[in-house]
Amino acid sequence: MESFVRFLGSVKPYFGVIFIQFGYAGMTILTKSALNKGMSQYIFVVYRQVAATLVMAPFAIIFDRKGRTKMTFSLFFKILILGFLEPVIDQNLFYTGMKYTTATFASAMCNVLPAFVFLMAWACRLEKVNILKRGSQAKILGTIVTVGGAMIMTFIKGPMLNLPWTKLPNHPSASSSSASSPNHQSTIMGFLMIATGCICWSAFIILQAITLKSYPAELSLTALICLVGTIGGSGFALIMERGNPSAWALHFDSQLLAVVYSGVICSGVTYYIQGVVMQTKGPVFFSAFNPLSMILVAIMSSFILSEIMLLGRIVGAVVIIIGLYLVLWGKTKDQPSILKSECDKITPCEQQMITANDEASKTTMPVRSSQEFVALDVEKEERN
């Protein structure tokens with residue numbers, strides 16, 4: 001029974017990150033559909049954070065009553081930065097970039113996240129790197145390959161894959177083809193926005209891992225981040241949508257479903273699970289599973305949204321996955337060295353115990369010198 005409990009404890013982080021990637025995949029499809037129907041991405045971000053705050057705040061009040069630490073100015077400043085990095089800056093850039101491109105492209109571009117997280121974790125000393133070791137070399141090489149794959153996806157289109165479910169009625173015409181896929185200039189604009197958003201997202205992950213060391217109340221931290229994101233996002237949306245009050249209208253349709261789903265699953269629940277996983281496995285482990293979301297989005301968007309698949313983007317996605325799992329392989333190579341170092345710490349102690357036992361046995365059976373044997377013979381002769 002105890003071994004089964006230990007097994008569940010060891011696999012919980014994997015289930016957590018896989019659940020998050022499924023959540024991201026569904027969010028990308030629903031959000032792209034809502035944006036295609038004319039919903040403002042700035043207002044979508046606000047409603048998403050409102051939904052997350054309303055759902056997570058009661059849980060934080062009930063379950064974190066004893067886990068919250070004293071609020072200091074340093075902690076308050078970190079929460080403010082967290083609330084602006086991902087809920088405001090990253091999400092607005094990501095959704096705007098997705099409007100310029102496609103759901104598959106936006107999801108695939110997020111695969112550069114592990115590279116950025118690795119570099120930031122290295123700079124903040126949350127990830128150890130020794131250039132002379134094979135594992136560290138793999139992590140550095142994987143980072144370079146991942147960024148290269150993102151460049152391939154952006155600048156190399158390649159031929160279109162004629163999948164039966166993505167063919168349009170006027171497929172041979174150039175006009176319909178250009179209408180169904182973004183032009184090159186829009187792709188570059190979307191790439192820059194999504195890449196900048198990924199940098200902010202990476203900084204958010206690193207700062208969250210640092211903040212949790214001094215404020216280990218995951219639910220309360222999640223609720224506070226969503227609250228700050230709601231306030232900051234509202235101010236930004238009011239500026240961007242000034243003079244357009246009708247953009248704030250929200251009806252009971254797929255747009256409302258996208259808002260509630262994204263807020264509850266991809267903001268509230270994700271921030272919480274992300275914090276729990278990073279406390280045990282670290283930020284690099286959490287970001288290493290991003291390609292799963294891209295694969296799911298590519299499959300679903302091809303069927304649901306009828307997005308056209310280009311060979312260049314498929315090749316770029318494969319290169320990103322190779323680079324990513326070079327990083328992951330490098331991390332696994334670090335584990336044996338850690339275990340070995342622990343064994344090295346234990347072995348001298350065992351050797352000392354063995355040596356002490358040997359010395360004790362020697363003291364119980366002392367070794368006599370030749371002079372002592374002569375003295376004993378003399379005593380025997382005198383007695384006789």
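Select Arg125 to start: with 77% relative accessibility, this residue counts as exposed. The model on screen is a predicted one. Arg125 sits in the loop between helix 5 (113-123) and helix 6 (134-155). Now check its backbone. Phi of Arg125 is near 65°, a positive value in a residue other than glycine. Most residues other than glycine have a negative phi.

Next, select helix 2, residues 41-63, and pick out Val55 within this helix.

Now show helix 2 with helix 3, residues 73-100. Two packed helices are described by the angle between their axes and the distance between the axes. Here the axes come within 9 Å and cross at roughly 135°. Helix 2 and helix 3 are therefore oblique to each other. The crossing of helix 2 past helix 3 is right-handed.

For the last stop, select helix 1, residues 2-36, and helix 10, residues 254-281. How do helix 1 and helix 10 lie to each other, and why? Their axes cross at roughly 155° and come within 9 Å. Angles over 145 degrees count as roughly antiparallel, so helix 1 and helix 10 are roughly antiparallel to each other. Helix 1 and helix 10 make a left-handed crossing.

Conventions:
Residues are numbered from 1 along each chain as its sequence is written. This is a predicted model: local features need pLDDT of at least 70, side-chain atom pairs count only at pLDDT 80 or more; totals for chains, interfaces and linings use all residues. Side-chain values use heavy atoms; hydrogens and water are left out. Helices (H or I, at least four residues) and strands (E, at least two) are DSSP runs, numbered from the N terminus. Axes are lines fitted to C-alpha atoms, for helices over the stretch in contact, and angles run from 0 to 180 degrees between N-to-C directions. Angles under 35 degrees count as roughly parallel, over 145 as roughly antiparallel, 65 to 115 as roughly perpendicular and the rest as oblique. A crossing is left-handed if the near helix is turned anticlockwise from the far one by less than a right angle, and right-handed if clockwise. Buried means under 20% relative accessible area, exposed over 50%, partly exposed in between (1.4 Å probe, protein chains only).
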